Amino acid sequence: MKKRTFTCGFDAALAVVGGKWKMLILWALHSDGPLRFGQLRRAIDGISERVLISQLKEMEASQLVHREEFHQVPPKVEYSLTEFGSSLLDALMPLGDWGSANMERIASRLGTARSEPET
């Protein structure tokens, strides 16, 4: 397999967090703590089971997420952020703040409704 060469820091960061769902998964794990698969799926509106499985596998391979299996009946698996994943979320927080500050403008340009943040 050929080793990837990044052109800049954005390129490297997007290689790890690119796509629609990974930032939402990071946020859910950050805000709600370690979560089981079903809890994580319910926390992210609109994500399919297949996509969540795929994204979690990629994030585990990138060392953003830790998967812990508990050997019990019924089987239990929990997902949590790694220190590396937390550091990425820290870097993404200003982007989330920008999105919150400009949500109305973005929604009006994209023709979508603005949803109220959950408290």
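Reader: Is Ala101 buried or exposed, and what is its relative accessible area?

Author: Ala101 is exposed, because its relative accessible area is 64%, where exposed means over 50%, buried means under 20% and partly exposed lies in between, all with a 1.4 Å probe and protein chains only. The model is a predicted one, in which local features need pLDDT of at least 70 and side-chain atom pairs count only at pLDDT 80 or more, while totals for chains, interfaces and linings use all residues. Residues are numbered from 1 along each chain as its sequence is written, and side-chain values rest on heavy atoms, with hydrogens and water left out.

Ala101 belongs to helix 5, which covers residues 83–101; helices are DSSP runs of H or I with at least four residues, strands are runs of E with at least two, and both are numbered from the N terminus. Between Ala101 and Ile44 there are 57 residues of sequence separation, and their C-alpha atoms are 21 Å apart in space.

Met23, in helix 2 (residues 22–32), counts as partly exposed because its relative accessibility is 32%. Together with Leu95 and Trp98, Met23 makes a nonpolar surface patch of about 310 Å²; such a patch takes residues with over 30% relative accessible area and no salt bridge, joining nonpolar side chains within 5 Å, and a salt bridge is a side-chain nitrogen of Lys or Arg within 4 Å of a carboxyl oxygen of Asp or Glu.

Asp11, by contrast, sits in helix 1 (residues 9–17) and is buried, because its relative accessible area is 17%. Leaving aside residues up to four places away in sequence, Asp11 touches Arg4, Thr5 and Phe6, a contact being heavy atoms within 4.5 Å. Across the chain, 41% of the contacts with a separation of 6 or more are between residues 24 or more positions apart.

How values were computed:
Patch = residues over 30% accessible without salt bridge, like charges linked within 9 Å, V, L, I, M, F, W, Y side chains within 5 Å. Areas by Shrake-Rupley, 256 points an atom, 1.4 Å probe, with all protein chains shown as cover.
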